[in-house]
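Hello,

Here is the structure for you to look over. My notes follow below it.

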Amino acid sequence: MNLDIQHKNALVCGSTQGIGKAAAIQLAQEGVNVTLVARSEEKLKAVLQDLNAVSERSRRHSYIVADFTNPADLKKKLAATNLQFHILVNNTGGPAGGPVFNAKLEEFERAFTMHLKCNHVLVQAVVPFMKEQNYGRIINVISTSVKQPLDGLGVSNTIRGAVANWSKTLANELGQFGITVNNVLPGATATERLTEIINNKAAKTGKSIEEVAEMMKNASPAKRFAKPEEVANAIVFLASERASFINGINVPVDGGRTKSL
């Protein structure tokens with residue numbers, strides 16, 4: 001399938017590892033000019049080399065160093081760049097695990113800032129150009145917890161739900177301008193974040209890391225973890241011309257783990 005997104009410009013957050021990096025690389029392979037966003041300039045430079053290696057020489061890739069705990073700084077960094085983006089991939093590492101009852105107020109505030117406030121700063125920055133082009137694709141990488149809360153991820157469940165409702169509201173407001181807003185909901189995906197979750201569960205339950213990993217794999221009908229590239233496939237399709245009438249939905253990429261329809 002020709003996705004017809006050559007020469008489009010994409011802003012991809014959390015793009016130095018995991019799902020964000022996989023999405024950036026796949027977009028570059030489709031001929032998209034990719035701007036990476038993350039905290040570590042060293043890691044950004046390394047991924048930039050990867051993008052250049054898989055792209056035609058005519059592609060223009062770049063990066064923005066930004067810390068999502070500071071929306072004001074992010075807004076300032078965005079104002080200093082060329083905000084002509086057709087595609088925005090909102091993707092940020094999840095909050096620390098733990099029961100919601102034990103969570104400190106600061107944990108909610110930090111997660112709300114990183115996941116909703118910064119998403120909103122990014123959307124307000126890129127949407128004016130999208131409206132001019134009558135083309136925009138906003139893809140939020142969230143979690144299957146927006147359909148079915150996950151045990152031991154209390155703060156994440158809470159904030160992810162807020163982001164999903166924010167996203168649906170945006171989809172209703174922006175659809176008339178040729179802009180779609182959709183959510184990709186990864187299940188257990190082989191990333192550094194999953195390794196952290198497995199290690200924490202092993203420490204709390206006394207089970208081995210291998211036992212916890214096997215238990216998590218068996219929770220999915222696929223009996224395995226997703227590869228970051230498999231989640232990126234959904235992101236890239238939703239960013240394309242071919243997804244022009246898909247708007248305001250949640251797309252689980254979880255091998256069938258989520259029980260709800």
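C13 counts as buried because its relative accessibility is 0% (buried is under 20% relative accessible area, exposed over 50%, partly exposed in between, with a 1.4 Å probe and protein chains only). C13 is in no disulfide; the nearest cysteine sulfur belongs to C118, 8.7 Å away. A disulfide here is a pair of cysteine sulfur atoms within 2.5 Å. C118 also has 0% relative accessibility, so it counts as buried. By the disulfide rule, the count is 0.

A word on the source. This is a predicted model, where local features need pLDDT of at least 70, side-chain atom pairs count only at pLDDT 80 or more, and totals for chains, interfaces and linings use all residues. Residues are numbered from 1 along each chain as its sequence is written, and side-chain values use heavy atoms, leaving out hydrogens and water.

Now the overall fold. The protein has 8 helices and 7 strands (DSSP runs: H or I of at least four residues for helices, E of at least two for strands). Of its 261 residues, 49% are buried. The C-alpha atoms fill a box of roughly 55 × 40 × 35 Å along the principal axes. Among contacts with a separation of 6 or more, 75% join residues 24 or more positions apart (contact means heavy atoms within 4.5 Å).

Last, charge. There are 30 positive and 23 negative side chains, and the centres of the two sets lie 2 Å apart. Lys and Arg count as positive, Asp and Glu as negative; His and the chain ends are not counted. Charges are placed at NZ of Lys, CZ of Arg, CG of Asp or CD of Glu.

Best wishes
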